[in-house]
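Here is a short report on one structure. Keep the sequence and the 3D view open as you read.

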Amino acid sequence: MTRRRFLKQLSVLASAGVFFKTSFAKAAYKVKQFTQRYLRPPGALKEDDFISRCIRCNQCAEICPNNCIKFFGSENGIASQGTPYISPREKACILCMKCGDVCPTGAIKPVKRELKPIVQEVNMGIARVDRQLCLSWQGKSCGVCYRACPLADTALKVGFMEQPEVLDACVGCGLCENSCIQIPQAIKIIPRHTIAALGK
Amino acid sequence: MNEPLNSINAKPFFLWKHLNKLRWLTLSVVFLMLILIPLLSIYQHYVAAQGYNHLSPSETLLYDSMEFISAPFVDDAEHDLDAIKGTTWSGQLFGVKLTDPLAVIGQVSAGFEVYWPFALTALLPVIATVIFGRFFCGWICPATFLYELNSNASVWLNKFGLKSGSRRFNRKFKYLVLAVGIGLSAFTGTVLFASVYPPAVLGRELYFSIALSGFGSGTLFFVLTLLFDSLVSKRGFCRYLCPGGALYSLLGRYRVFRIKRLVEQCNDCSKCNAVCEFGLNPMQDDFGGECNSCSACIAVCPKDAMTFTLAIADSKNQGPGHQSRTYRKNEKHPKSPTAKDPCINIQNID
């Protein structure tokens, strides 16, 4: 009788462990990097490091003069609850680099507000043009994204009929996506963590 | 011969009695700052956007009032106001970055690395805690402000016949919460304390509600702790659950500046025990690491038997005060005070 009870308890424990390891709890906890499209503030560390560094003090949003930094609830997994993000179509980053200065933990690195350090250190994502949607590529000269780009000609160049082409130096601030006059937007930022996850 | 008489007549430094008022002032100022800083940051956004003419009437009111408040201190509101940011969890006060030690502990356990520029921001609070003990809990913590108001409200409700909870648990339980929190932070790789530590939650929620869209999920947590305090156990969260309180108690265990009972003056009225928010036993010299130096017991003591002292340990139980020389009326003792002593007179009235 005692052996049967012991085995019963053991099997319950084991199944609970397996359950926790495999499915539900992990799924609820795991960052859903593919379903949510968001950017981390400029100068942020890689996604996992960022989450372990960030202490959820909100100072980046308090200091952001553009008011573009928002915070996750539980919609992106419990791990990233309370962490800052930028949704570029709603409000994009103007690369003022104040958040890096105020961040106490170094989750957002301090970056000088000059062209070279920004291009080297900041990696929020990279813009991608959908040529089927883009007005310029469809023969109606537009060029709004080029005019919005804070790193014009370094990150984004325009050719014939102001057809935009993204260069490697793009830091992914999202001002092009924010300003795109097409609905839905023809230029989109692919977040850095999505690129990293797809590259694996 | 004169020595015991001197010790009987020794009064605590007169300011100690009024420290509790100063403490309430500090708590209110900190709480007001937590409301003011988000408002100032909104004002900063408006200034940065140069959008005064596009504001709605209520926003104009905010702009004008914040301009009125900050104008004497800043020349360029857009940049100068950056000097005051953040909450008690982590903030920037006139260019000095200060962080709660619990944030550093949580981050180190989450990332398995020490980022020194961040760890050093907690140095000042840690030093202050080593000297003054768990003073953060009593003097600064914005959650304490609401928790104490809550326990005061419970007293009023008790008068109207609504009983509040007064269960007691093991005070050591919060150390378990701290240990489990560190373990879970290491396991999950996130700073979990940020969502269960009331001052951090409260600072964040105040910011969310004022400057962003509205209250987040932390408000629910905070309301639950308030309900726990009023329905289950008085100041229960601070006493038995708070991981930050546990850390501060550990750090302030050998604090230099602590409250002491003057047994010669004590008449064992136990008002200090009743008033102690953390459920300690000042009347029997039991403060331990838990005392947050709130000085409520000093303020309430009718005999001036409580004072601050410099010592790294509590004195061992000095026994009941009413048996001390001051209160022995029938005993002829060469060291006993004369009948002129006011204490004796009061005792005689009884």
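## Where the chains meet

In chain B, 34 residues are in contact with 25 residues of chain A (contact: C-beta atoms, placed from the backbone, within 7 Å). On the side of chain B that touches chain A, α5(B) gives the most, with five residues. That side divides into 11 nonpolar, 18 polar and five charged residues. Here Ala, Val, Leu, Ile, Met, Phe, Trp, Tyr, Cys and Pro count as nonpolar, Asp, Glu, Lys and Arg as charged, and the others, Gly among them, as polar.

This is a predicted model: local features need pLDDT of at least 70, side-chain atom pairs count only at pLDDT 80 or more, and totals for chains, interfaces and linings use all residues. Residues are numbered from 1 along each chain as its sequence is written, while chains are lettered from A and ligands numbered from 1 in the order in which they are written.

## Two crossing helices

Helices (H or I, at least four residues) are DSSP runs, numbered from the N terminus. The axes of α2 (residues 19-49) and α3 (residues 57-70) of chain B come within 9 Å and cross at roughly 110°. Axes are lines fitted to C-alpha atoms, for helices over the stretch in contact, and angles run from 0 to 180 degrees between N-to-C directions. α2(B) and α3(B) are therefore roughly perpendicular (65 to 115 degrees).

Among the residues making this contact are B:Leu39 and B:Tyr43 of α2(B), with B:Met66 and B:Glu67 of α3(B). The contact residues divide into eight nonpolar, one polar and one charged.

Notes:
Angles under 35 degrees count as roughly parallel, over 145 as roughly antiparallel, 65 to 115 as roughly perpendicular and the rest as oblique. Two residues are in contact if their C-beta atoms, placed from the backbone, lie within 7 Å.
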